[in-house]
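This briefing goes through one protein structure by topic. Please have the sequence and the coordinates open while reading.

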Amino acid sequence: MSLYLETERLILKEFQDTDVENIFKLDSNIEVHKYLGNNPIKTYKQAEEIISFFKKQYQENNIGRFAAFEKDSGNFIGWSGLKLNKGNKESLNGFTNFIDIGYRFIPSFWGKGYATESAIACLNFGFKEMNYEIIYGAAETANIGSNKILQKIGLKYVNDFKVENTDAKWYELKKTDYDQ
Ligand SMILES: CC(C)(COP(=O)(O)OP(=O)(O)OC[C@H]1O[C@@H](n2cnc3c(N)ncnc32)[C@H](O)[C@@H]1OP(=O)(O)O)[C@@H](O)C(=O)NCCC(=O)NCCS
């Protein structure tokens, strides 16, 4: 069964091969990558690889980032959602094999509440449909917006840590706390 969610203003669904141009627009943007290691993609081939990675996650883990589209315009705005970070390659703050929540949008769609709206729907999906016990979140300390959203949707600050020498903050939300 393919992943699909609707919020008031957005449709969230699995990435398809046809989203290569969309991912290129998102991930080649310098502003978008300011707090993501400052390494935007440069080629369509890289965008294709990102889509392949998303699709592999859906198949192997039954979860992965959702492609987000505005209901009104049909425009692709970016992605939001849950991901299983697997193995040492994707370990963070000493954690391996954990579910994290994240979001990444094209700048012309920032400031409209889409990160909050989509992340709330994804948390609900994670706890109610996927039955995850705990969902984690991380953001570079300087990424004020992202830190604010993680707190706003209910994650609790746990500790500061480093991502490749950059200061970052770690958050978590347990299902037991979410249910209350
Ligand atoms: C971070 C990001 C997802 C925010 O998306 P968004 O849809 O603009 O966020 P929202 O509109 O839901 O904003 C939620 C709150 O954060 C605040 N906020 C968002 N960006 C902010 C910023 N740069 N500085 C200060 N506050 C900010 C909003 O004002 C809002 O506050 P409010 O609830 O008090 O009104 C978006 O800027 C983005 O895609 N950035 C690039 C990728 C990225 O950094 N992802 C996160 C990696 S950890």
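The points below cover the ligand shell, the nonpolar core, the helices, a strand hairpin and several single residues. The model is predicted. Its largest nonpolar core has 36 residues, and 22 residues lie around the ligand.

**Ligand shell**

- Trp110, Ala115, Thr116, Ala139 and Gly145 come nearest to the ligand among the 22 residues around it.
- Two or more residues of this shell are given by each of strand S5 (98-105), helix H3 (114-129) and helix H4 (144-152).
- H4 provides the largest share of the shell, six residues.
- Sorted by class, the shell holds eleven nonpolar, seven polar and four charged residues.

**Nonpolar core**

- Within the largest nonpolar core, of 36 residues, those with the most contacts are Phe66, Ala68, Ala119, Cys122, Leu123 and Ile135.
- At least two core residues come from each of strand S2 (10-13), strand S3 (65-70), strand S4 (76-85), S5, H3, strand S6 (134-140), H4 and S8.
- H3 is the element that gives the most to this core, with seven residues.
- In soluble globular proteins, nonpolar side chains tend to be buried together.
- Setting aside neighbours within four places in sequence, Phe66 is in contact with Leu3, Leu5, Leu12, Lys13, Trp79, Ser80, Gly81 and Cys122.

- Helix H2 (residues 44-61) consists of 18 residues and spans 26 Å from its first C-alpha to its last, close to the 26 Å expected at 1.5 Å a residue.
- Asn62 follows H2 and has a positive phi, near 60°.
- H3, with 16 residues, reaches 21 Å between its first and last C-alpha, close to the expected 22 Å.
- Buried in H3 are Tyr114, Ala115, Ser118, Ala119, Ala121, Cys122, Leu123, Gly126 and Phe127. Of these, Ala115 is also one of the residues that come nearest to the ligand, while Ala119, Cys122 and Leu123 are among those with the most contacts inside the core.
- Just after H3, Asn131 has a positive phi of about 60°.

- Strand S7 (residues 156-163) and S8 run antiparallel and are joined by seven bridges.
- Lys156 stands opposite Glu172 in S8.
- The two strands, S7 and S8, form a hairpin with two residues between them.
- In the turn, Glu164 has a positive phi of about 45°.
- Asn165, in the loop between S7 and S8, has a phi near 75°, a positive value in a residue other than glycine.
- Asn165 counts as exposed because it has 5 C-beta neighbours inside 10 Å, and the cut-off for exposed is 12 or fewer.

- Trp170 lies in strand S8 (residues 166-174).
- Trp170 is buried because 21 other C-beta atoms lie within 10 Å, where 20 or more are required.
- Val158 is twelve residues from Trp170 along the chain, yet their C-alpha atoms are separated by 5.5 Å.
- Apart from neighbours within four places in sequence, Trp170 is in contact with Asn93, Ala138, Val158, Asn159 and Phe161.
- Asn93, one of those contacts of Trp170, is in the loop between S4 and S5.
- Phi of Asn93 is positive, near 55°, in a residue other than glycine.
- Asn93 has 16 other C-beta atoms within 10 Å and is therefore partly exposed.

Key:
Residues numbered from 1 in each chain as written. Predicted model: local features only at pLDDT ≥ 70, side-chain atom pairs only at ≥ 80, totals over all residues. Near = placed C-beta within 6 Å. Helix = DSSP H or I, 4+ residues; strand = E, 2+ residues; numbered from the N terminus. Nonpolar A, V, L, I, M, F, W, Y, C, P; charged D, E, K, R; others polar. Contact = placed C-beta atoms within 7 Å. Expected span 1.5 Å × (residues − 1). Core = buried A, V, L, I, M, F, W, Y, C linked by C-beta atoms within 7 Å. Pairing = 2+ DSSP bridges.
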